[in-house]
Amino acid sequence: MYRTHTCGELRINHVNETVTLSGWVQKIRNLGGMTFIDLRDRYGITQLVFNSETHQELCNQARELGREYVIQIEGNVAERSNKNTKIPTGEIEILVDQFTILNSSELPPFTIEDDTDGGDELRMKYRYLDLRRNMVRKNLELRHRMGFEVRNYLNSQNFIETETPVLIKSTPEGARDFVVPSRMQPGQFYALPQSPQVFKQLLMVAGFDRYFQIVKCFRDEDLRADRQPEFTQIDCEMSFVDQEDILNTFEGLAKHLFKTLRDVEIEGDFPRLSYEDAMKYYGSDKPDVRFGMKFVELSDLVKESGFKIFDEAEYVGGICAEGCAGYTRKQLDKLTDFVKKPQIGATGLIYIKYNTDGTVKSSVDKFFSSEKLLEICGSANAKPGDLVLILAGVRKKTLTALCELRLEMGEQLGLRDKNKFSPLWVVDFPLLEWDEDAQRFFAMHHPFTSPKKEDIHLLDEAPGKVRANAYDLVINGVEIGGGSIRIFNDELQQKMFSVLGFSPEEAEEQFGFLMNAFKYGAPPHGGVAFGFDRWVSLFAGIDSIRDVIAFPKNNAGRDVMIDSPSQVSSEQLEELNLALKLKEAALNK
RNA sequence: GGUCUGGUAGUUCAGCUGGUUAGAAUGUCGGCCUGUCACGCCGAAGGUCGCGGGUUCGAGUCCCGUCCAGACCGCCA
């Protein structure tokens with residue numbers, strides 16, 4: 001038997017028991033006549049003592065140990081004379097009688113501690129060592145518990161977890177597919193699913209009624225801190241539901257997860273915000289509503305002042321930063337630089353300081369009277385002591401920039417507390433969005449999303465105005481998930497394909513199986529999918545999803561530990577009927 | 001595809017306008033130490049300054065290219 005207890009469970013009431021422990025050597029403190037070793041496993045740390053007076057030989061052996069050696073010890077649990085209140089096992093220690101080295105270890109390239117000295121690159125290369133660290137392991141334990149609670153809740157609501165295939169078919173629209181060559185069908189390829197979308201709809205046709213799956217999805221697009229080429233979704237679909245039923249069901253899931261994983265009670269219904277209002281008040285379809293600072297449109301108020309920037313702007317909007325009237329020139333310059341960064345793209349920043357004495361000071365004093373500036377402050381709901389920040393320009397771009405500025409101010413003012421959670425549903429998304437390059441409409445959500453009944457008549461005359469039965473769950477400015485009520489009528493689906501520019505033949509070739517299925521009594525249905533990794537990282541209070549994934553890939557889609565992707569042998573290529581034709585840039589690598 | 005930041009000891013970093021032998025902390029190794037738990041004290045080893053080219057009497061430092069890593073824009077229904 002390798003162990004009778006784990007390294008995290010022994011307490012004062014175990015004193016005098018003889019125990020066997022196995023684990024890794026975390027730290028050796030050699031005091032000469034006496035040596036202490038911290039023995040670590042997943043469950044905790046237990047201190048071992050070697051005393052040269054009573055166990056000279058053992059003491060000598062203990063000195064031979066190194067960090068991360070795997071050892072097994074037998075000894076007696078004793079009460080410490082000097083207790084350590086910082087750890088749960090700190091009242092006891094093990095007087096070791098014998099020990100065995102189960103495995104030696106090379107010196108690890110970084111220290112296995114909470115505050116490691118390892119940089120990201122090293123930690124990824126030696127991920128199995130990084131995973132020994134509390135921080136990373138705790139994230140994965142949270143992930144485990146969350147998966148468990150998702151299953152618990154959805155099971156209690158009669159959902160059936162059903163697996164869907166991973167080798168499927170490439171379709172146009174949406175993200176770039178990962179493709180897998182078929183050996184048995186020369187020249188043909190499978191695609192890895194971007195989501196199990198059509199399968200879950202087919203399960204509804206099959207009468208499964210309530211489906212879910214915690215499932216890997218794949219998208220071959222460029223990565224970010226919160227985007228991996230393979231990621232996990234909580235994928236769900238329900239029959240005989242309208243939007244209201246879905247929002248209620250999954251609001252229930254969200255509340256259950258908040259309660260069980262973070263012990264947070266979310267009072268009342270999640271607020272709902274139309275896409276239009278989200279853009280108008282926050283410049284984003286995933287607003288962070290932990291704080292206010294809503295946009296105020298000032299376009300009409302500031303026109304014809306002779307200030308060219310405002311006069312020529314399609315949109316002028318501002319936010320009110322509470323209590324910031326005291327900002328120095330330096331701070332304001334820094335904010336100006338911030339909004340002028342190419343990624344944000346504003347041309348400049350206008351401010352009005354509403355001083356505590358009731359006076360105003362602005363960067364556009366030349367063009368506006370004090371009365372006018374006060375009026376602007378009034379519309380922006382500013383009170384003495386506040387600072388109004390204004391951007392102007394093309395509507396869409398300015399809203400986006402103002403969104404970034406708002407988030408930056410929220411950050412500076414400490415309004416984005418990681419332990420505060422503000423969920424909301426963003427609803428009434430547009431069904432379609434116009435693509436300038438392709439000169440056609442694309443489905444904003446996906447081609448199976450149903451238009452709002454009252455907007456269907458607009459499909460021909462003004463497709464861009466049609467709203468969809470689509471919704472996103474947004475928490476703290478992070479898009480946690482989204483979904484829609486689907487089209488379940490063959491005719492409407494064909495109509496949708498035609499608006500998207502598919503010929504009937506193309507639609508038949510790509511999605512014939514789905515439309516065919518819809519001919520056999522498809523129930524009304526709809527669903528939602530949540531980004532599991534993002535949700536876990538939100539609960540863990542971290543910004544990157546990499547640390548809630550056991551073996552993530554880097555920002556170039558590379559696994560630096562196993563060194564993938566990699567080349568395959570010419571025999572493998574031959575077998576797959578593939579020949580490589582590399583571009584020059586690829587050859588240089 | 002683009003923008004930005006970084007790459008110096010095992011590790012995390014410092015290294016100014018180019019100028020003597022490239023430093024600190026930590027880790028490692030050796031010695032001392034019987035109550036440590038960030039143990040302490042003494043000592044030692046440890047460097048292709050990512051790689052290639054250029055400018056210069058002289059390059060870790062400046063320039064060009066390139067590779068790697070990270071953040072972001074485009075992209076991601």
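These notebook entries record what I looked up in a predicted model.

**Conventions.** I count residues from 1 along each chain as its sequence is written, with chains lettered from A and ligands numbered from 1 in the order in which they are written. Local features need pLDDT of at least 70, side-chain atom pairs count only at pLDDT 80 or more, totals for chains, interfaces and linings use all residues, and side-chain values use heavy atoms, without hydrogens and water.

**Confidence.** I began with pLDDT, the predictor's confidence in each residue, from 0 to 100. Chain A has a mean of 93, and 99% of its residues reach 70 or more. The lowest mean in chain A, 62, belongs to helix 18 (residues 584-587), and the highest, 98, to strand 6 (residues 160-161). Helices (H or I, at least four residues) and strands (E, at least two) are DSSP runs, numbered from the N terminus. I noted that where pLDDT is low, the predicted coordinates should not be read in detail. For the model, I recorded ipTM 0.92 and pTM 0.94.

I took two strands as paired if DSSP finds at least two bridges between them. An open sheet of 8 strands runs in the order 6-9-10-22-21-20-17-11, with mixed pairing. Strand 6 and strand 11 (272-274) are its edges, each pairing on one side only. I found strand 11 parallel to strand 17 (residues 423-427) over 3 bridges, with Leu273 opposite Val426.

**Strands 1, 4 and 5.** Strand 4 (residues 70-79) pairs antiparallel with strand 1 (residues 18-30) over 7 bridges, and with strand 5 (residues 92-103) over 10 bridges. I located Gln72 as the bridge partner of Ser22; Gln72 also stands opposite Thr100 in strand 5.
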